[in-house]
Amino acid sequence: MRLIFLGPPGAGKGTQAKVVSERFNIPHISTGDILREAVRTNSPVGWQAKSYMEKGELVPDEIVTKIVVERLKMPDTSNGFILDGFPRTKQQAVSLDEELKKIKKALDYVIYFKTSPQMSIARLSGRRVCRSCGANYHLVNIKPKKEGVCDLCGGELYQREDDKEKTVENRLKVYQLQTRDLIDYYKSKGILETVSGDLNVEEVFDELSKFFKNIDAHRFK
Ligand code: AP5
C-alpha cells in the first residue's frame with residue numbers, strides 16, 4: 001500500500017505512521033526524520049537544510065525531492081510505503097507523481113489528519129523526543145514512566161528546537177501557505193481520506209483501522 005500522511009505540524013502523522021507501518025509491514029519514510037539525521041551527522045544535505053529547519057521554513061524542493069526519490073528506490077518499498085511530511089508543496093507532489101509514473105506505480109491513499117491550530121500548538125509545545133532512539137512523548141498526553149527518561153532505551157528526552165513557540169507559529173503559517181493546497185490537489189484525484197487528528201492516539205488509530213478494514217486487501221498484493 002502506497003500512502004501519504006498529510007496534515008499540519010503536530011497532527012500526529014508520525015505517531016500513527018509508526019503503528020501503521022508495523023501493521024502493514026511497509027517502511028515509514030519521514031522527511032523530517034531524514035533531515036534531522038542529516039543535520040545531526042553533519043552531512044552536506046544537513047548543512048543545506050539546517051538553517052531552514054531552525055526557522056521552521058521548508059527546505060528547498062530539489063533537496064527534499066532528491067532524498068525521497070533515492071529512498072523510494074530501496075527494495076523495502078516494493079510492497080508500499082508511508083510518506084510522512086512529504087510532499088509539502090505542489091512542486092513536490094508533481095515530482096512524486098512523475099517519479100511513480102516512471103516505475104508504473106501509483107499512490108493508493110492520502111490520509112489527511114484534520115487538526116486545529118490550537119491542538120497543533122498544544123501537541124508541539126509538550127512534545128519530548130528521545131535523543132538516542134527518537135521515540136516521541138508528550139508532557140501531558142503520553143508521559144514517560146520517569147520524567148525526562150525514555151521508557152524504551154533509557155535515553156534523555158529533549159525538546160526539538162523547532163517546537164519552541166516562535167518557530168511553531170512560523171511552521172503553522174508555512175503549512176497554511178505552502179502545504180494546505182495539497183488537500184484539494186489529492187481530493188481532485190479521488191484518493192483523499194480524512195481522519196480527525198484532534199482525537200486521542202487510540203481513537204485516531206481506530207478511525208484509521210476502520211478505513212483500512214474496508215479496503216479490499218487483495219488490491220494491494
Ligand atoms: P517534520 O519533522 O515533518 O515536522 P512536521 O510536519 O511539522 O511534523 P511533526 O513531526 O511536528 O508532527 P506530526 O504530525 O508527525 O506529530 P507527532 O506524531 O510527532 O519536519 C520538520 C522540518 O523539516 C520542517 O519544518 C522543514 O523545515 C523540514 N522538512 C521536512 N519535510 C519537508 C519537506 N517535504 N519539504 C521541505 N522541508 C521539509 O505528534 C506530535 C506530539 O503530539 C507528540 O508529542 C505526540 O506524542 C503527541 N501526539 C500525537 N498524536 C496525538 C494524539 N492523537 N493525541 C494526543 N497527543 C498526540
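Reply: Two strands count as paired if DSSP finds at least two bridges between them, and the strands themselves are DSSP runs (E, at least two residues), just as the helices are (H or I, at least four residues), both numbered from the N terminus. This is a predicted model, in which local features need pLDDT of at least 70 and side-chain atom pairs count only at pLDDT 80 or more, while totals for chains, interfaces and linings use all residues. Residues are numbered from 1 along each chain as its sequence is written, and side-chain values use heavy atoms, with hydrogens and water left out.

Me: Which residue of β8 is the bridge partner of Y112?

Reply: The partner of Y112 in β8 is T194.

Me: And what does β1 do with β4?

Reply: Strand β1 (residues 2-6) pairs with β4 in the parallel sense as well, over four bridges, and there F5 has I111 of β4 as its bridge partner.

Me: How many residues of β4 are buried?

Reply: Five of the six residues of β4 (residues 109-114) are buried, so this strand is largely enclosed by the rest of the structure. Buried means under 20% relative accessible area, exposed means over 50%, and partly exposed is in between, using a 1.4 Å probe and protein chains only.

Me: What about the sheet with β5 in it, which order do its strands have?

Reply: That open sheet has three strands in the order β6-β5-β7, with antiparallel pairing. Its edge strands are β6 (136-138) and β7, each of which pairs on one side only. Strand β5 (residues 127-130) is joined to β6 by three bridges, and R127 stands opposite H138 in β6.

Me: Changing topic, where is R160, and is it buried or exposed?

Reply: R160 lies in the loop between β7 (157-158) and α7 (165-179), and with a relative accessible area of 11% it is buried. Its side chain is joined to that of D162 by a polar contact of 2.9 Å, where a polar contact is a pair of N or O atoms within 3.5 Å; within protein, one must be able to donate a hydrogen and the other to accept it, and residues adjacent in sequence count only if both atoms are side-chain atoms.

Me: What else does R160 touch?

Reply: Not counting residues up to four places away in sequence, R160 touches R36, R127, V129 and R171, where contact means heavy atoms within 4.5 Å.

Me: And Q16, what surrounds that one?

Reply: Q16 is found in helix α1 (residues 13-24) and counts as buried, at 3% relative accessibility. Leaving out residues up to four places away in sequence, Q16 touches F5, F113, V201, V204, F205 and L208. One of these, V201, has its backbone oxygen 3.1 Å from a polar atom of the side chain of Q16.

Me: Which residues touch the most other members of the largest nonpolar core?

Reply: In that core of 28 residues, they are I4, L83, L96, L107 and Y186. A nonpolar core is a set of buried Ala, Val, Leu, Ile, Met, Phe, Trp, Tyr and Cys residues joined through side-chain atoms within 4.5 Å. The largest share of this core, five residues, comes from α4. Another core, of 17 residues, lies apart from it, and V20, I26, L208 and F211 are among its members.

Me: What does Y186 touch?

Reply: Not counting residues up to four places away in sequence, Y186 touches I4, P87, A93, L96, L107, V110, I191 and L192.

Me: Last one, what can you say about the chain as a whole?

Reply: The chain has nine helices and eight strands, and 47% of its 221 residues count as buried. Among contacts between residues at least 6 apart in sequence, 68% join residues at least 24 apart. The C-alpha atoms fill a box of roughly 45 × 40 × 30 Å, taken along the principal axes.
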